[in-house]
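Thanks for making the time this morning. I would like to walk through one model with you, beginning at the contact between its chains and then moving into the strands.

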Amino acid sequence: MGAILKPRTLPRLRAAPSRSRPRSRPRSRGSPRHGRSVAALRARLRARAGDGPRLGSAGPREQARPRRAGRHRRLMRERGGPEGSGPGQGAGAALSLPPSLTALSPSAVVARAGGDGGGSSEVQWCFLQVKGAIDEDVAEADIISTVEFNYTGDLLATGDKGGRVVIFQREQETKSRPLCRGEYNVYSTFQSHEPEFDYLKSLEIEEKINKIRWLPQQNAAHFLLSTNDKTIKLWKISERDKRAEGYNLKDEDGRLREPFRVTELRVPTLKPMDLMVEASPRRTFANAHTYHINSISVNSDYATYLSADDLRINLWHLEVTNRSFNIVDIKPTNMEELTEVITAAEFHPHHCNVFVYSSSKGTIRLCDMRSAALCDQHSKFFEEPEDPSSRSFFSEIISSISDVKFSHSGRYMMTRDYLSVKVWDLNMENRPVETYQVHEYLRSKLCSLYENDCIFDKFECCWNGSDSTIMTGSYNNFFRTFERSSRRDTTLEASRESSKPRAILKPRKVCTSGKRKKDEITVDSLDFNKKILHTAWHPMENIIAVAATNNLYLFQEKVN
Amino acid sequence: MEFKLEAHRIVSISLGKIYSARGQRGGLKLHKNLLVSLVLRSARQVYLSEPGCPPEPPPAAAGHPEEEPPPCPAAWAAEEPPPPPPQDEAGRDCQGPRPRRCCCGENRGGCAGAPPPPHCPRKRSAGERGQAGSPVKKPRREEEEPPPLPPPPPPSPPGEQEDMETGNVASLISIFGSSFSGLLSKEPKGRRRPPLDGGEAAAGTAPAEAAAEPGQICCDEPVLRTLNPWSTAIVAF
């Protein structure tokens, strides 16, 4: 791609040749697959309470229905709650709350949780919900591989290894159930990617969703980008609550009428129908990556986005699927000389010409697209000098950065390597401003972790809305939050035991030295199969989503 | 001495990972294989150094030559005809393939890559970097070219060099398949050396040779050195 890139005003390219964009329901586009996967997903997500299908016949047209006033059907039940009886039950928690809480006005709830970041007081987390099957036997396809809130926090998208995307919508507040606000229920489910086979290289392309990124909402529909190893897709999620009736050439059943039988013409009318949420693929951005895509990031101009694989970063325009610009290429001419790969990339939240990418060597490069079309020369280079005393065989692996995230303010960025999280000031390149040890007690176990492949786990990290606290995952279903100003860190666990509604999460502690205190966990008893790689924080409130293998835990700040 | 054992263990584990990565779903993961190759390189470096040496930083940190020169010349000088002392017991077997291998014009440059002692650590590192990287690069390259099924079809450019290398790959693949479990499970009796002339015939006899070789240390040495020819393998993109 030798085109000269004009970052700020991309040439207005012609829209891709119009493909068939069926406006009809997914059913006509092969939705048996959709229907099947929805039904299967629903079956899996059904709680042990074993309530039957809640939404009537599980046919191919069936879609997950959002909650609206008056409609309190839910697809799943939270575990641990009292077993409700009917669809109108609502959250099990409603039964067990003390009266004092019911008197709380919703506005107070918002104010408390309004992102003050727990300034002086520590945030206490309590359990909100958990999604997913309880089975001990976890199917590989159910393992959640990405979690992302949208810009308002009303929608939460998860992708799994089976190529499915499940979107949860936050409950609207209703007078009758004021405390159930904040619950997330299934809004839409669809199969985003299928396994593919690259015949040229005889390689199977996994359908695992690597990343989901929302687009800011510009009309009634929601858009998100989801990607697997090779292909990015733009999905439109829209609601339909009206149906056209009274076609001339079609019966109400859908059968075609013979034209000569039509004796009079009528104009079809729109009739209300049960709310349905449809997901349809709007764009497919394919064939631009030789290596595995690890990141996508939507630009602040809301018109372009980047996709990064191991050696290259491409810039796309959301409207154009048949062309992308390569903006970073670190592939050496001789692959023998390969020493580092790109591990993550992100656009700056405010400056649409700036992006960063992290490498497997523990460095971050900030690039300005105004300086050149091909941003192989970085504008800033962030690297912390290595501590020579901590050298080991595995120093390179543990310094590899697995995630990089800008703060909401745009002034800082955070990187996650295997043992620590570092906060960098964009103005200072030679070292991070803050370093937090996530699980330093694993440093002596690196050899075993190398053997069982855990050392290659790619943990993600996230900021809260006010950038005062950061969060990342660990093993044994532990996740950690670090308050930046007070340097207070908390270890919490996402477990079934603490899954009582509104149950406050008790901080956990890992015993690092000899004597184990009560309630502490020794390093050797940590379960390394239970890892929390993906977490997300609501953009404005203190609600966090934590993916523990196949379960999604939602925690909310405790309200008094 | 425990460094050597540790290093050896890490080398075995790393090679196991590289091997098993070939068949995994989704194709080769470049990042993971790169990291594994780096570990392999570091471990190999420690392993090939004298027992007295502490674990060395990887080639990139070439700023520690002062630690290396004293043991290094001994190691490198000893490498050529007489094997280093720890490998005495299996010296005869090591002798066998080495002269054969060194006959090849290409390889001679590689294994006689023992640079002048003062520059030993850095150059050896460079040579070994190429060596250690090769088996990993090979699977990595395979991701980009039409998959080489064992035995891989020789690339179109002529030359016995390529034939030998593809033969090496084929042999190593078959050997990994056959004797690798032995390597990991018990005291590794050793691994064969890839034959020079390539082809299944040599590979067929090699496992028998491998079984006959005593001692793990000796037989790893030649294997680690035979990774060298791949540093010049053609990238058939």
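This is a predicted model: local features need pLDDT of at least 70, side-chain atom pairs count only at pLDDT 80 or more; totals for chains, interfaces and linings use all residues.

Let me begin with a question: which side chain of chain A meets that of B:Arg25 in a salt bridge? It is A:Glu206, at 3.9 Å from N to O, where a salt bridge is taken as a side-chain nitrogen of Lys or Arg within 4 Å of a carboxyl oxygen of Asp or Glu.

Residues are numbered from 1 along each chain as its sequence is written, chains are lettered from A and ligands numbered from 1 in the order in which they are written, and side-chain values use heavy atoms, with hydrogens and water left out.

Staying with the interface, the rule finds 7 salt bridges across chain A and chain B. Counting contacts as heavy atoms within 4.5 Å, 34 residues of chain A touch 37 residues of chain B. The size of an interface is often given as the accessible area lost when the parts come together. Here the buried area, that is, the accessible area (1.4 Å probe) that the two parts lose on being put together, summed over both, is about 3300 Å², with carbon and sulfur atoms giving 60% of it. On the side of chain A, the residues that lose the most area to chain B are A:Glu336, A:Phe393 and A:Tyr450, which together make up 24% of what that side buries.

Now the two chains in turn. Taking helices (H or I, at least four residues) and strands (E, at least two) as DSSP runs, numbered from the N terminus, chain A has 6 helices and 32 strands, whereas chain B has 10 helices and 0 strands. Of the 560 residues of chain A, 56% are buried, and of the 237 residues of chain B, 55% are, with buried meaning under 20% relative accessible area, exposed over 50%, and partly exposed in between (1.4 Å probe, protein chains only). The accessible surface, from the Shrake-Rupley method with a 1.4 Å probe and, for residues, with only the protein chains shown counting as cover, is about 25000 Å² for chain A, 49% of it belonging to carbon and sulfur atoms. For chain B the corresponding surface is about 9400 Å², with 63% from carbon and sulfur atoms.

Which part of chain A is enclosed? Strand β17 of chain A, residues 354-359, has 6 of its 6 residues buried, so it is largely enclosed by the rest of the structure. In a regular strand the side chains alternate between the two faces of the sheet. In β17(A), A:Val354, A:Val356 and A:Ser358 point one way, and A:Phe355, A:Tyr357 and A:Ser359 the other. Two strands count as paired if DSSP finds at least two bridges between them, and β17(A) pairs antiparallel with β16(A), residues 342-347, over 5 bridges, where A:Ile342 stands opposite A:Ser359. These two strands form a hairpin with 6 residues between them. Another 5 bridges join β17(A) to β18(A), residues 364-368, again antiparallel, with A:Phe355 opposite A:Cys367.

A:Phe478, in β26(A), counts as buried at 1% relative accessibility. Its C-alpha lies 5.5 Å from that of A:Leu492, 14 residues away in sequence. Beyond its neighbours within four places in sequence, A:Phe478 has contacts including A:Arg508, A:Val510 and A:Ile532. A:Glu493, in β27(A), is also buried, at 15% relative accessibility, and among the residues that A:Glu493 touches are A:Phe478, A:Arg508 and A:Phe555.
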